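Hi,

Here is the structure I promised to pass on. Please have a look before you read my notes.

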Amino acid sequence: MFNKRKWLPALVCSAAAVLLTGGSIVRVYGGSVSDARPFRAAALTAEAGTAAKTAQTSAAPGAGEQPSAADAVSAAGAEAAANAIAAAGWNANAAPELNSNAAAGMNANPGSAKAQASEAAGTQDEQLLFRSNAFTMPEDAVQNVPPAAIRPGYDKIADDGGLALYMNRKTLAIQVQLKATGYVWSSEPDRSDLQKEELNDDWRNAMLSPFILDYYMEDATRVSSNYKSLHGKVTAMKPIANGMEIACELPDIRTKLTVRVKLDKGSLVITLPNGSIEEQGSSRLASIQLYPFLGAVRQASVPGYLFVPDGSGALIRFADNHTQYDEPYVGQIYGSDIAVTDLAGVGNVVQYPIFGIVRGVKHNAMMGIVEDGKTNADIVAYPSGVNTNFYWISARFNIRYGYFQPTSQTMGGINTFTQAKTEGDKQVRYRLLSGAQADYAGMARAYRGYLEERGMMPDKRAATPGEDVPVQVALLGGDIEPGVLGSHVVKMTTFADAQAILADLRKAGVHNIEAVLEGWSKDGMNGARPPAPGFAGGLGGPGGFKRLIDFAGREGIGLYLYADYTNLLSGSPRVDTRGDAVRMITGRLIEYPYVSKYVSDLFKDMKGYYLSPYTALKLARNDFQAFAGEGVRAVALAGAGSELFSDYHKGKTINRTEAASLYGKLADEASGRSIRLALYEPNDYMLRAAGAYFGMPVESMQYMYESDTVPFVPMVLHGFVDYFADYANNDADPELDLLRLIDYGASPSFIVTKEPASKLQNTPSGELFTSAYADWAPEIKRQYDEVNAVLKKVRGAAMTGRTVVRYGVVKVSYDNGVDVWVNYTGSDYSDGRITVKAKSALAAGGGRS
């Protein structure tokens, strides 16, 4: 029911919590208290508003003192605003009106300075908010992009009509030219830019190398190096179809490998064949990045940004003046392999293995897609200020992993690393984009096309504009509560209650409902994982469920049973923990506290484990057969679509690539039973099976080096699958969050119960603070009506573009000719043709196909 990746281990309040740190208020979107560093910009934003409001309230109410109140607001607000802008890496010159407008407004009517001071404080807060990295900035109308040309010393090695590939045979550096525009992308930074850098030998060598790598020494020490520093040399170079194959030797660590560069179907493809790696000494490769500085930009020498797949999507804009950052962005494709790293190694999860660079918005862009080896790869993005003044981004392929091997019961042990190489070749495909395609929206369209070409997208839904959008309503049946004689199930929503709730929503005009039934078994939501098929007698039993599913069928309501074949609870009767739970490379079970102590200390002995993908497939196959027999036609599948790990059970070890394949087969089992799947945050390899997408991210982590949050994932998927944001029960700012749903094309979702949430306080679902349908019914209706009024006009349409016309005002374009306008601000917006009221949205246009 809840996403463990979004738990707050040190502070559990809700999906959007407030953390007091350093005297400032910081909005926390996930992670622990130690993760507060990235949110410093938000803290400074809060300081700006606090300073202004303090100045306002400290002024005496006498008429003669009114100008000093305005002056105090302007001065205090200006200083705090400047601090926030500088800390976030924003261009202070882009927002000169922040304080001048406030001052002008207050001076216009000195008779009401107190009211104007309050309004100015709010305006300044709002302006800072929409300039923060929680939103997207407008683009400069003029983008001065320096020309890029083929450099001396490069030979053409391939030409496919659209692209031309060049190589410097001495340095192995490459350049690729988009022939339609003549623009050239280089793997080696311009020498004039390098001369401006004060780099040590290793970093200078790295930037002039065809690859950089880490390796393990015999004692498990991890060392970073590169082709040049390791005195790499070419042992063979031979042409291949539309490219070149280079055999390299690294004598310092007695290692050999081969790199292939070629043009393929309008793309540049760079490959490291796994079988080409030969390690003859005691050192072993840990990771490698192929041509990592392809497209690198020094500071703001070129306007543009890096695109990183963080949450819904994020940008890192190029800037000359910025904070000195401590570390790069590292996104772990499909998350870390917890069978090696344990849960302590969980970091930024990337569901779609894509990244990009824009060199001049609407001019030039390059999109990288990790194709092979992605189950053991990361996306690494370096902002200027981390080691060098260059912005660069690449895929990092993990060849081996380090881990701690216990050697005693007292947790003594040694640091070591996996002996076998990770499976498969390592490959990245680069697509060059230009003109209207050269921004994050163009990348989203190109990536959508890529997924379609490979049969990885869901079947495009047959919805038409004007059809109501859906709303997700999760219904919690019951959950366990400890008692004197053992645990019992707290009844929250019977099947009859669920039917009454759905009927009431239909009567209220909410016609398109995707309902998810959770906690439907005799063990409630968390009494057994995975639960056996069979409906709780206390909720109405098989008869009550039959009446509910028949009602849903008559009313056209999608009714899903919630199922999780990833998490395992000790004591669950269907599984044996020792035989069915995932084992780490150390031989130990992956064990975690199933219920956080910050939710309840009543379940401190309740241990959670991860279910082997083999067992998951076997149980799901049996369950889908049983579900089909009960008339179930839809299942909401948690975990299996989004979590991926190896299993080191002796005799049945599987790697992550094999695990992904097993989950694919699990989805095929559902399809074979005519069961539609809704998936929670599915990874790319599971998208084809998604009949609905639950838990769509609508924000990024907002690290300080990230300048913008963008709806990249929604732009890829809109029109192909219905997607729903997290439960609105958790929203900290419902008005703003609702506008974001419309901006991102997402449908709302809620979790409700017949009984009040207070009854859950001694259950594992105790983190659900508010759920009573009687309380939420009006809000569900209100939010649904607001979203539906706009988004039904683009139902089934694909997003084609997104323009921020000014801070806080967005236009999203669809392929049916409709533009959705969203005005987040407190002022009306008009361009002479369209007027969008403050804090509202509308759809305009239409007729294109």
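Below is what I found in the model.

This is a predicted model: local features need pLDDT of at least 70, side-chain atom pairs count only at pLDDT 80 or more, and totals for chains, interfaces and linings use all residues. Residues are numbered from 1 along each chain as its sequence is written, and side-chain values use heavy atoms, without hydrogens and water.

Confidence. pLDDT is the predictor's confidence in each residue, from 0 to 100. The protein averages 87, and 85% of the residues score at least 70. Residues 1-111 stay under 50. For that stretch the model has 180 contacts beyond four places in sequence (contact: heavy atoms within 4.5 Å). Where pLDDT is low, the predicted coordinates should not be read in detail.

Overall. The protein has 16 helices and 46 strands. These are DSSP runs, numbered from the N terminus: helices are H or I, at least four residues, and strands are E, at least two. Of the 849 residues, 59% count as buried (under 20% relative accessible area, 1.4 Å probe, protein chains only).

The sheet. Eight strands make an open sheet with parallel pairing, ordered β39-β37-β36-β35-β31-β30-β27-β40. Two strands pair if DSSP finds at least two bridges between them. β39 (723-724) and β40 (749-752) are at the edges with a single partner strand each, so one side of each has no neighbour in the sheet. Strands β30 (residues 513-518) and β31 (residues 558-564) run parallel and are joined by four bridges. Leu 517 has Leu 561 in β31 as its bridge partner. Helix α9 (residues 495-507) lies across β27 (471-476), β30 and β40, at about 165° to β30. Axes are lines fitted to C-alpha atoms, for helices over the stretch in contact; angles run from 0 to 180 degrees between N-to-C directions.

Helix pair. Helix α15 (residues 734-744) packs with helix α16 (residues 773-791) at about 35°, with the axes 10 Å apart. On the α15 side, the contact includes Leu 738 and Leu 741; on the α16 side, Val 787 and Val 790 are among the residues.

Which bond is cis, with omega about -10°? The peptide bond joining Arg 529 and Pro 530. Pro 530 is in the loop between β30 and α10 (541-555). Leu 172 has a positive phi, near 70°, and is not a glycine. Leu 172 sits in the loop between β4 (163-167) and β5 (174-178) and is buried at 1% relative accessibility. Tyr 291, also not a glycine, has a positive phi of about 45°. Its loop runs between β14 (284-290) and β15 (297-298). Tyr 291 is buried, at 2%.

Best wishes

Conventions
Buried means under 20% relative accessible area, exposed over 50%, partly exposed in between (1.4 Å probe, protein chains only).
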